[in-house]
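User: I'd like a close look at one part of this model, and I'd rather have one connected walk-through than a list. Here it is.

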Amino acid sequence: MADPQDPFRQGMSMAARVGVELAVTILVGALLGYGLDRWFSTRPWLMLVGLILGTATAFRNLYRSLGPPPDSKKGNDGKSA
Amino acid sequence: MGNPLEHFELHTLIPLRLFGLDISINQAVVMMWVVCAAVFLFFWAATRNARLIPTKLQSTAELGVEFLRGLILENMGEKGMKLFPFIATLFFFILFSNLLGLVPGAFTVTSQVWVNGILALAVFALSIVMGLVIHGVHYFTIFVPPGTPWWLLPMMIPIEVFSQFVRPVVLAVRLFANMTAGHTVINVLLGLVLMGGLFLGWMPLGFTVILGGLEILVAFIQAYVFTVLATVYIGDAIKLH
């Protein structure tokens, strides 16, 4: 167990993360929306909002987890951490 | 052939109540004690008579500690070294829980959602506390990614807030799902072995062996991923980007 930047290890860690993250984020968004729905009795709209929020967050996290582009200088180029 | 999920059920061994809260001793609690004892014994044995040229056990412990130290320094910077005991506990507890759960008859502590939930909650709480302590109220600018045009902010901020809150949930569920799914598949295959009898039983048995090996790999990977993400999330709060 050495260098955390080792590409094999990064690949493994990404494989172990991305699938579950995508699914769970969307699910949690929908569940949160559903829960709020039951509290405020506004079915089904809040669940849809939650679903959309969850999906948007899922893909945004996916994009962020790719890391900075190969030869960019550190700084503001739109790809925040 | 029995319910493959049956071995995840918890049976109370010694019922205990404390002010109305149920803190009975069940298999999960006993297993957690076993894991703690195992980690303690591992490090005690590794550092007893520590020599400059290490023995194999000491080498393994040193590898683990070196790796964690590199991870913390890279993701959390110098300030992060204060959290080294926490990260090390996290890593070794999860690793040993995952591995010891593979022993036949043992209970996998990390296959309980709430165990993972508490660990993830600790990481989440720490990230908020460290962020607020180091940066004060300025910490809330973490919700605004640099370089966002102002007209996108009303959409970006709810997404960022939600993203921050969902991350510990995903952390917990990832570990839970991996451990539970792995063990369930092995259970199902073992059921197939019993149904296949002598003629066909050797095929699923072979698969079970292969899956057992895969489960050991998954145990390491999941412990590694949990720890890496914990350092990244806390590092995000410390470095504020």
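Predicted model: local features only at pLDDT ≥ 70, side-chain atom pairs only at ≥ 80, totals over all residues.

What does the accessible surface of chain A come to, and how much of that surface belongs to carbon and sulfur atoms?

Analyst: The accessible surface of chain A comes to about 5400 Å², and carbon and sulfur atoms account for 69% of that. As for the fold, chain A has two helices and zero strands. Of its 81 residues, 27% count as buried. If you take the contacts in chain A between residues at least 6 apart in sequence, 35% of them join residues at least 24 apart.

Now over to the partner. On the chain A side, 26 residues are in contact with 29 residues of chain B. How big is that interface? The size of an interface is often given as the accessible area lost when the parts come together. Here, the area buried between chain A and chain B is about 2400 Å², with 72% of it coming from carbon and sulfur atoms.

There's some charge pairing across the interface too: the count between chain A and chain B is three salt bridges. One of the pairs to look up in your viewer is Arg174(B) with Glu21(A), a salt bridge whose closest N and O atoms are 3.0 Å apart. The rule also finds four residue pairs in polar contact across the interface of chain A and chain B, with both residues at pLDDT 80 or more.

So what does chain A bring to the side that touches chain B? The elements giving two or more residues are helix 1 (7-40) and helix 2 (45-65) of chain A. Helix 1 of chain A supplies the largest share, 12 residues. Sorted by type, the residues on that side of chain A divide into 12 nonpolar, nine polar and five charged.

While you're in chain B, have a look at Ser111(B). You'll find Ser111(B) in the loop between helix 3 (84-100) and helix 4 (113-135) of chain B. Ser111(B) counts as buried because its relative accessibility is 4%, and the cut-off for buried is under 20%. A polar atom of the Ser111(B) side chain lies 2.8 Å from the backbone oxygen of Thr108(B). Leaving out residues up to four places away in sequence, Ser111(B) touches Phe8(B), Phe176(B), Met179(B) and Thr180(B).

Definitions and conventions: Residues numbered from 1 in each chain as written. Chains lettered and ligands numbered in written order. Heavy atoms only, no water. Helix = DSSP H or I, 4+ residues; strand = E, 2+ residues; numbered from the N terminus. Buried < 20%, exposed > 50% of the residue type's maximum accessible area, 1.4 Å probe, protein only. Contact = heavy atoms within 4.5 Å. Areas by Shrake-Rupley, 256 points an atom, 1.4 Å probe, with all protein chains shown as cover. Polar contact = N/O pair within 3.5 Å; in protein donor to acceptor, adjacent residues only side chain to side chain. Buried area = accessible area lost by both parts, 1.4 Å probe. Salt bridge = Lys/Arg side-chain N within 4 Å of Asp/Glu carboxyl O. Nonpolar A, V, L, I, M, F, W, Y, C, P; charged D, E, K, R; others polar.
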